[in-house]
Each structure stands twice: as C-alpha cells, then as structure tokens.
Amino acid sequence: MVSRIRNRLSTIHQVMKMCNEDRHLPLASFGLIADVHYADIDDGTNYTKTRSRYYRNSLRLVKAAVADWTLLSDTKCQISLVLHLGDLIDGFNVQQKASESALKTITDAFDETKVPVFHLWGNHDFYNFSRKELYAMPKMNPYLVAGLEHTDRIAAAACGTYFDLELCHGFRLVTIDTYDISMLGHDSDSEFYETAERLLKQENKNEDLNSPNGLVSDKRRFVKFNGAVSDDQLKWLDNVLSESDSRGEVVLVAGHCPLISYDTVCLCWNYRAILDIFYRHNCVLAYFAGHAHDRMYSRDEHGIHHFTIPGVIEVEPGAKGAHCTVALYANQVTVTDVGAGICRKLFLSRV
C-alpha cells in the first residue's frame, strides 16, 4: 500500500513539475472533473450506441481523483475546492429507481476531499431530478455549499445556479448555467421551458428533439439535451465581468456545455451571445466545459483558452483518470491533466 501511494505521488509530481519548473508554489489551486455519470449498472453505450461507457468504473476514477488531490496537500499545493462540470449521475438511474442512492454514493466519494465541492448541473442531472429538487439539496446547490448569498432574485426564483467567487486575490471563478433556458429540469408550464420548446421546434423539425438529423454545421446544437443562457443571466455575466475588469482580476469561466467545439451537437444554443460578452472584457482567460466527453483544447481569435474536460464515464478501466488540477500563479495559470500526463500554461496576457 505504501509503495502504491509513493508511486502515485511520484506520478503527480512529475506532471506538476512540467507546469512548475521554477518550483514556486501556486497562489491557489482547485480540482476539475466532468461527466461522472455514475450508476451501479453494467457497462453500456451512449444514446447512439457509438461509444462505450463504464458506469461503475466512474466511481473508482472519482476516488482516484480525490486521492490525488489529497496527496497534493502534502506538497503545500492543497486545492481549495473541486468543481465538477455536470452530469454527476447517469439517466439510467431513473429506470433502476436508484437516483437518490446513486447520488449519495458519488457525493460521499467527493466529500473525502474535505474541501467544498461544487456540482454544476447537466442534462443527465435533470433526467434524475427537477431543478427545484436539486436546488433543495445541500450538496448540489452551490449557494448552500459555499454559504453564498443569492443576491440575484431572478436567478433564485428560477433555481438558477450561476455564481462567482474569488479564488484568491486577483483571480475569480465564474460559472454559468447553460440549461437556464431548457426543456429539462423546468416545469412544463414555466416560461423557461416554453421558451426552450418554441426555439427548439423552430430550429429542429425532427419528431425526436434529441436527434440532430437534417441539421447542419452549428445548427446541430439545437437538440433537447442542450440548453441556453437566459437574457437575465447574460446581463448578470456582463456585470460580473465589468466588475472584474475594474478590479484587474483574471477570470476563469465554467459551464456544462462548450462554447467552441468540433462536436457542434454539444454546443450551448446561444454560445455566440456568451462569447460576445467575453470579448467585450479583458478579464476572461479561459472557459472550461464538459458534456462532449472528449478531451479538447483550442485558443480562439481573442486569445481565450477553451477546454473540454474528458468525461469520466468514457475512460476505460485501468486508465489513470480524467481529472485536472488548475493552479494559479502571479504570471500564469496552469492546467494539469493527470490522465493525459500533460500540462498547459496559460500566460496572463491574452495578446
């Protein structure tokens, strides 16, 4: 057991060393992971039966991630929080009548980090629970996790979960709710549901609204398992970024749906509106997403880094993992992908 722990710690150190050649300690760091999709069922496939999914293995990978982040505390690089980017449990739990037990199993595993764990909401979370149900859960409501005050009345009324918090002096985390406008999670008579249904049926003429058949290019995003950010949330985002600009902060943004992706079927419906707000401000350094399950990275024409974190659910048994550690320094942010054994350095100038 001791030998295995030493070997694991050695591996983590090797990857972290690539990001930290001068051995300066980060100002702060946090864990990042996406698309766990836990269910206590045999391995299966995705909706289109084109990709394998390893449901029980996802619990093992979460425990491995927690072990890695715990070991980092011995190097004075202790994480201050964990951010999970959505789809904590899989939709198959509904058929098994196991939604609550699956959620308890996986949140208990995350609790071993001994730091706040923030779970963004994805489409599979809404297959299992409504927004109102998730909002009432202490471990699934970010405001209850952090003890934050919900100052946005509109967001509170809609059970919205977008929030921002200071990671350390000069750095801010902002999360967006990419299912604010959606046919998932909302009551069917709510304006959010009705707006989503109207938009979807305007763009997608398939009987099955989860199907992108006949849609081309980025129009393929208009499927039921995606969503959009509301106008009210866009105004909130613009205000938060304006305040960060005035404070000279560096901002990292995260949400479930990507804003840039080669797999356009996973894009947020109004991704352009979100990007337009990013581009009006100097503070946004990077955007982190899940949903697509593939490991993707790109830097757009405005210098913003876009990461899609690989889905835990599709990582084969025996693989190292799919989690990342994000570290903040005075001149850069590093994103260490333990599963791939790579690290990216994001220098604070976007030029």
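I began at the hairpin that joins strand S12 to strand S13 through three residues; strands here are DSSP E runs of at least two residues, numbered from the N terminus. The model is predicted, and local features need pLDDT of at least 70, side-chain atom pairs 80 or more, while totals for chains, interfaces and linings use all residues. Residues are numbered from 1 along each chain as its sequence is written, and side-chain values use heavy atoms, without hydrogens and water.

**S13 and its partners**

I looked up the pairing (at least two DSSP bridges between two strands). S12 (residues 324-328) runs antiparallel to S13 over five bridges, with Ala327 bridged to Thr334 of S13. On S14 (residues 342-347), S13 has six bridges, again antiparallel, and Thr334 stands opposite Lys345 there. Four residues separate S13 and S14 in their hairpin, and Gly341 in that turn has a positive phi of about 70 degrees.

I then checked burial (buried is under 20% relative accessible area with a 1.4 Å probe, protein chains only). Six of the six residues of S13 (residues 332-337) are buried, so the strand is largely enclosed by the rest of the structure. Gln332, Thr334 and Thr336 cover one side, and Val333, Val335 and Asp337 the other.

**Confidence**

I read a mean pLDDT of 90 for the chain, with 89% of residues at 70 or more; pLDDT is the predictor's confidence in each residue, from 0 to 100. Over residues 1-13 the pLDDT is below 50, and this stretch has 12 contacts beyond near neighbours in sequence (contact means heavy atoms within 4.5 Å).

Conventions
Buried means under 20% relative accessible area, exposed over 50%, partly exposed in between (1.4 Å probe, protein chains only).
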